[in-house]
Amino acid sequence: MLEIKNLHARVEGKEILKGLNLSIQAGEVHAIMGPNGSGKSTLAQVLCGREEYEVTAGTVTYAGKDLLEMDPEVRAREGIFLAFQYPVEIPGVGNTYFLRTALNAIRAHRGLEELDAMDFLELTREKMKLLKMDESLLRRSVNEGFSGGEKKRNEIFQMAVLDPKLAILDETDSGLDIDALRIVSDGVNSLRGKDRAVLVVTHYQRLLEYIVPDFVHVLAGGRIVRSGGKELALELEAKGYAWVDDLAAKTGAR
Amino acid sequence: MTTDTKQLETLAKSEYKWGFVSDLEADAAPPGLNEEIVRFISLKKNEPQWLLDWRLKAYRKWTTMEAPAWPNVHYPPIDYQASVYYSAPKPKKKLGSLDELDPEIKSTFDKLGISLDEQKMLAGVAVDAVIDSVSVATTFKTKLKELGIIFCSFSEAVKEHPDLVRKYLGSVVPYSDNYFATLNSAVFSDGSFCYIPEGVRCPMELSTYFRINAANTGQFERTLIVAEKGSYVSYLEGCTAPMRDENQLHAAVVELVAMEDAQIKYSTVQNWYPGDAEGRGGIYNFVTKRGKCAGARSKISWTQVETGSAITWKYPSVVLQGDYSVGEFYSVALTSKRQQADTGTKMIHIGKNTKSTIVSKGISAGRGQNSYRGLVKIAKSAENARNFSQCDSMLIGQQCGAHTFPYIEVANPTATVEHEASTSKVGEDQIFYCNQRGIDTENAVSMIVNGFCKEIFNELPMEFAVEAQKLLGISLEGSVG
Ligand SMILES: Nc1ncnc2c1ncn2[C@@H]1O[C@H](COP(=O)(O)OP(=O)(O)OP(=O)(O)O)[C@@H](O)[C@H]1O
Ligand SMILES: [Mg+2]
């Protein structure tokens, strides 16, 4: 589904990703861990087409197509969803209106007819239940004045409504309380399926107890320096990243 | 430069949607301005002597005045002698109903999406259409007449209700008020007059569509609204204009008078031609709008959505004379391309316990320059006066500018004056967030800007709010993206 080869990317003239390789098949859940500033969010933004991040080398193929050729909104319409590490506030724009506009843009791209306000309400009601979202949040402006946890939950709610093929979650667990973590994880798990893939960026093993990954990768110095099964997360939790730095140094990623 | 910015700039180059010129045979004065022209206008309109005298006083005053230099706008000097000060479309015959309206005028209105048809009337909107300075169609009069409401063209009011006009004309904006108001007083062509008798609540939104049409004709509208004790009226003014090569001067005057417990709600959507990408050919909109809360507990609200014109110079103001009177100003001003706007309000507190609210949203895109200029003046007599002002600016792109000039003069220590200001950028992060949800940049910007203006749209009458939102969308599409 997603094939990243030798990806190099820089921002503000500084090279962040330095030859990253990653392959994700449909039906899989991958977790990426790694020290602060190692480039995890950069990877997520590059995959979603953020302009500031310049790809200097490498290829990314998504569902058989050249992902790097597509505009950000086209990538979204093709089924890529990013739950932002820092969700953005849009004052005065209703959450529901925003989400319906998004959904209809995606539906139009897929040749589906627009959902009117009523149909949309029906759809959201179900997802709200799933994520135990408070209805009042929907009536407010997009993320405006939301608590950190509410923002994260709203991201997953949007994901549930937009029904992506590849979901990228950038530290969705940070800022969530224990109950919310479970609810959000349930939301993500309900999306798991043989046609879909999930890429989870996290610092904590705890999330991976709820969203059990098929693969865990360690990103350091702009590359994947180690990959393994879910046990790798435990190992990291026990040992910290010091040894990863050594590894990165050895592989010349620094 | 990022793609977003580039895209914004491409969109900034798209054409003004409503740039077409209709072909009405104009009955015009020769170009130039002198006493003879003033007399010509007055004669053309069959005016009484007192009005001619008033015009002449204004004209003589004007010759001694100079155009104000303080607004933060820049334009080449205007050659007042090159303009035509009177032009009227020739109605083919006297109009009994809308069906008889000049088909040319009708189709012009249709292109603008202004419906003068029965549906609109059923929707409760009486329309007094102004083309080339002369009213050509007035509707719904009978219904209003039953209530004693007068709603007609200014010329007609001069003929039918000379005492009312004489009593209130210039009572809020004196003929000597300022350069452009004085010019208007000398040469005003037509406009609207509205009188709501005591205790009457006007059952529909009164609305006027302005349109500047004959080439090279400065347009000088004059609007006068008087609301007697305990009455209420909501008045809508909306406009757009055809594409032009020369700059067109527009210097309107609007006067509002609210007596005891009366309320006037005045809403404007302004979308005159802003000029091409270089700023050529846009309208100069130098307007004087002022309301007087003459009676106790009266209230005047100005709500404006300004998206057009090359230059806007406009400060709808309220003189709060009656005790406990209330003044409000809600404004959205959008400048893009090379548009310049210097707009804001004046709240003059004279009565006790008077209260004013100012909410201004300025949006700058392209190379637009947007200035908020506001004066809150609390006179010595204004015990316990209160003002709250909020001025928010939004910038789209790198080449535009936003400026805020709040002036506060307080002569009474019991006053409370609060001022809040903010400047935000339509962030790349907001646009990217929308993009990532499948929404393209043009729609994203439109959405973000509309969100920013929501508070103001909430103040507009429902129907108008929808129009305003569309207009902002169109202006952004044609100017920002
Ligand atoms: N827009 C930017 N301008 C300048 N530097 C940037 C920008 N975005 C990222 N960087 C830098 O790139 C590096 C990688 O950042 P990134 O956000 O990808 O790290 P991360 O792995 O997600 O870290 P964290 O775990 O703290 O979220 C950091 O050094 C960061 O400061
Ligand atoms: Mg990060």
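How much area do chain A and chain B bury between them? In this predicted model, the two chains bury about 2100 Å² between them, and 65% of that area lies on carbon and sulfur atoms. The size of an interface is often given in this way, as the accessible area lost when the parts come together. In terms of residues, 33 from chain A are in contact with 19 from chain B.

Eleven residue pairs are in polar contact between chain A and chain B, with both residues of each pair at pLDDT 80 or more. Several elements of chain A give two or more residues to the side that touches chain B: the helices α1 (40-48), α2 (72-77), α3 (95-109) and α6 (148-162), and the strands β6 (80-83) and β7 (90-94). Of these, α3(A) gives the most, with six residues. Sorted by class, the side of chain A that touches chain B has 19 nonpolar residues, seven polar residues and seven charged residues.

Side chains of opposite charge can pair when their charged atoms come close. Over all chains, a search of the whole structure finds 23 salt bridges. One pair joins the two chains, because E155(A) lies in helix α6 of chain A while R437(B) lies in the loop between α10 (428-436) and α11 (441-452) of chain B. The closest N and O atoms of E155(A) and R437(B) are 2.7 Å apart. Across the interface of chain A and chain B, the rule finds one salt bridge. Both partners are shielded from solvent in the computed values: E155(A) counts as buried at 0% relative accessibility, and R437(B) is likewise buried, with a relative accessible area of 0%.

Other salt bridges lie within a single chain. In chain A, D214(A) pairs with R192(A), and their closest N and O atoms are 3.9 Å apart. D214(A) lies in the loop between α8 (205-210) and β11 (215-220), and R192(A) in the loop between α7 and β10 (197-201), so this pair ties together parts of chain A that are 22 residues apart in sequence. D214(A) counts as partly exposed at 35% relative accessibility, and R192(A) is partly exposed at 30%. In chain B, the side chains of R60(B) and E35(B) meet in a salt bridge with an N to O distance of 2.9 Å. Here R60(B) belongs to helix α3 (residues 49-63) and E35(B) to helix α2 (residues 35-44), so the pair ties together parts of chain B that are 25 residues apart in sequence. R60(B), at 41% relative accessibility, counts as partly exposed, as does E35(B) at 25%. Salt bridges that share partners also join R226(A), E235(A) and K239(A) into one network.

Chain B was also described as a whole. Its secondary structure comes to 13 helices and 23 strands. Of the 481 residues in chain B, 63% are buried. Among contacts in chain B between residues at least 6 apart in sequence, 85% join residues at least 24 apart.

Cysteines were examined next. A disulfide is a covalent bond between the sulfur atoms of two cysteines. The structure holds zero disulfides over all chains. C400(B) is in no disulfide, and the nearest cysteine sulfur, that of C453(B), is 14 Å away. For C453(B), the closest cysteine sulfur is in C391(B); this sulfur is 14 Å away, and therefore too far for a bond, since a disulfide requires two cysteine sulfur atoms within 2.5 Å. C400(B) counts as buried at 13% relative accessibility, and C453(B) counts as buried at 0%.

A loop residue of chain A, D173(A), gives a local example. D173(A) is found in the loop between β9 (166-170) and α7 (178-191) of chain A. At 9% relative accessibility, D173(A) counts as buried, because the value is under 20%. When residues up to four places away in sequence are not counted, D173(A) touches L181(A), V201(A), T202(A), Y204(A) and L207(A). The C-alpha atoms of D173(A) and V200(A) are separated by 9.6 Å, although these residues are 27 residues apart along the chain.

Conventions:
Residues are numbered from 1 along each chain as its sequence is written. Chains are lettered from A and ligands numbered from 1 in the order in which they are written. This is a predicted model: local features need pLDDT of at least 70, side-chain atom pairs count only at pLDDT 80 or more; totals for chains, interfaces and linings use all residues. Side-chain values use heavy atoms; hydrogens and water are left out. Contact means heavy atoms within 4.5 Å. Buried area is the accessible area (1.4 Å probe) that two parts lose on being put together, summed over both. A salt bridge is a side-chain nitrogen of Lys or Arg within 4 Å of a carboxyl oxygen of Asp or Glu. A polar contact is a pair of N or O atoms within 3.5 Å; within protein, one must be able to donate a hydrogen and the other to accept it, and residues adjacent in sequence count only if both atoms are side-chain atoms. Helices (H or I, at least four residues) and strands (E, at least two) are DSSP runs, numbered from the N terminus. Ala, Val, Leu, Ile, Met, Phe, Trp, Tyr, Cys and Pro count as nonpolar, Asp, Glu, Lys and Arg as charged, and the others, Gly among them, as polar. Buried means under 20% relative accessible area, exposed over 50%, partly exposed in between (1.4 Å probe, protein chains only).
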